[in-house]
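Open the model in your viewer and get ready to click through it. This tour tells you what to select at each stop and what you will find there.

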Amino acid sequence: VKLGGIGVKARTFLFIMAALLGLNAQWVVAQALDAQQEARFVHLAGALRCLVCQNQSILESHADLANDLKVQLREMLAAGKSDTDINDYMVARYGDFVLYEPPLKGGTVVLWLGPAVLLIATLAGFVLALRRRKRSAPDPLDEADRNVARELLGARPQNEGADSLK
Amino acid sequence: MKLKALVPLAAFLCLVVFLAIGLTRDPRELPSPLIDKAAPQFRLPVLGEADRFLSLADMRGQVWLLNVWASWCVACREEHPVLVRFAQQNVVPLIGLNYKDQADQAQTWLREGGNPYVMSVMDANGRVGIDFGVYGVPETFLIDQDGKIRHKHVGPLTDKAMREDLLPRIAKLKVAS
């Protein structure tokens, strides 16, 4: 079917392309950055948690707030702010939770050292258990034990039954 | 020996208790770093009144509530009647922060559901919202006479939360003045 000179498929294609361009428009208005700033943007945005979705960084998230924070981040980078400035800005508003890598301090000591402490404790427990097992290995049988065992095994021929006891 | 056998059980019960406590907590409720700090400065246009602005300094000297709302916010619809009832009690001024909204839609909302706010200010691009650390509308901030944020409620306020949480806090702040 031809409509106005171009095929339906071509029109659909053009429509989709136009729609995609529309989507991209929000990036066009975003602050332009040089290559180095762009790399820092990706790095920083990837380390900031989106507070609406909580399990995505603001780089990955398309939540409204994440987009606003990305715009803010770009503006701060363009204004020459340092990484510390930017992280401080975010933490002042949203708390340490906004950082995927929370700073080491009173409240986060367990978070940072907990896994290491657990690993060491587990390994130590494992080694201790192994040692104890070795120490408590059953005493070799003496002749009296063997005689009792033979008696219990009863009718079996001596060499067969005793084999496993040696 | 017998006691030793109970160690794994005890450890398991410990884990269960911690996980059970974890289940009762709302992961969306994050501690705000702004509590007991000076509220961020702002100067925003008042909704429905051309050329009129409100800034933080204008509210100095009184305890007040800042409620972040928007006409596109579904949970705000649930909260709105609670705010209307609160406003009727005339306890403290309630200021609205109309967050990333269209003025005409916001005004329609207030016409339809009643206007509990002394006034609402328009944060069209959400910058003031970011300064206040807003991440889930509706949010409500309790601000004291010195312009310090004393409490933050995330999510829709209920009559119960008003009665048992916010009103006692307000009363305490008013006594302190």
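This is a predicted model: local features need pLDDT of at least 70, side-chain atom pairs count only at pLDDT 80 or more; totals for chains, interfaces and linings use all residues.

**Stop 1: the interface**

Colour chain A and chain B separately. Their contact involves 18 residues of chain A and 17 residues of chain B. Together the two chains bury about 1400 Å², with 47% of that on carbon and sulfur atoms. Now select D68(A), R93(A) and Y94(A). On the chain A side, these three lose the most area to chain B, together 36% of what that side buries.

**Stop 2: links across the interface**

Which residue of chain A forms a salt bridge with R127(B)? Select E75(A): its closest approach to R127(B), N to O, is 3.3 Å. Next, show α3 (64–78) and α4 (83–94) of chain A, the elements that give two or more residues to the side touching chain B. α3(A) gives the most, with seven residues. Sorted by class, this side of chain A has 10 nonpolar, three polar and five charged residues.

**Stop 3: the core**

Select L73(A) and F132(B). They have the most contacts inside the largest nonpolar core, which has 72 residues. α3(A) gives the most to this core, with six residues. Stay on F132(B) and look around. Leaving aside neighbours within four places in sequence, its contacts include L34(B), P40(B), F42(B), F141(B) and K152(B). In soluble globular proteins, nonpolar side chains tend to be buried together.

**Stop 4: charged pairs**

Over all chains, the structure holds 15 salt bridges. Start with R74(A) and E38(A), whose closest N and O atoms are 3.0 Å apart. This pair links helix α3 to helix α2 (residues 35–46) of chain A, across 36 residues. Are the two partners buried or exposed? R74(A) is buried, at 7% relative accessible area, whereas E38(A) is partly exposed, at 27%.

Move to K105(A) and D96(A), which meet in a salt bridge at 2.8 Å, N to O. K105(A) is partly exposed at 43%, and D96(A) is partly exposed at 21%.

Then pick E139(B) and K152(B), another salt bridge, at 3.1 Å between the closest N and O atoms. E139(B) lies in strand β6 and K152(B) in strand β7 of chain B, so the pair ties together parts 13 residues apart in sequence. Both E139(B) and K152(B) are buried.

Finish with D64(A), D68(A) and K100(B), which salt bridges with shared partners join into one network.

Key
Residues are numbered from 1 along each chain as its sequence is written. Chains are lettered from A and ligands numbered from 1 in the order in which they are written. Side-chain values use heavy atoms; hydrogens and water are left out. Contact means heavy atoms within 4.5 Å. Buried area is the accessible area (1.4 Å probe) that two parts lose on being put together, summed over both. A salt bridge is a side-chain nitrogen of Lys or Arg within 4 Å of a carboxyl oxygen of Asp or Glu. Helices (H or I, at least four residues) and strands (E, at least two) are DSSP runs, numbered from the N terminus. Ala, Val, Leu, Ile, Met, Phe, Trp, Tyr, Cys and Pro count as nonpolar, Asp, Glu, Lys and Arg as charged, and the others, Gly among them, as polar. A nonpolar core is a set of buried Ala, Val, Leu, Ile, Met, Phe, Trp, Tyr and Cys residues joined through side-chain atoms within 4.5 Å. Buried means under 20% relative accessible area, exposed over 50%, partly exposed in between (1.4 Å probe, protein chains only).
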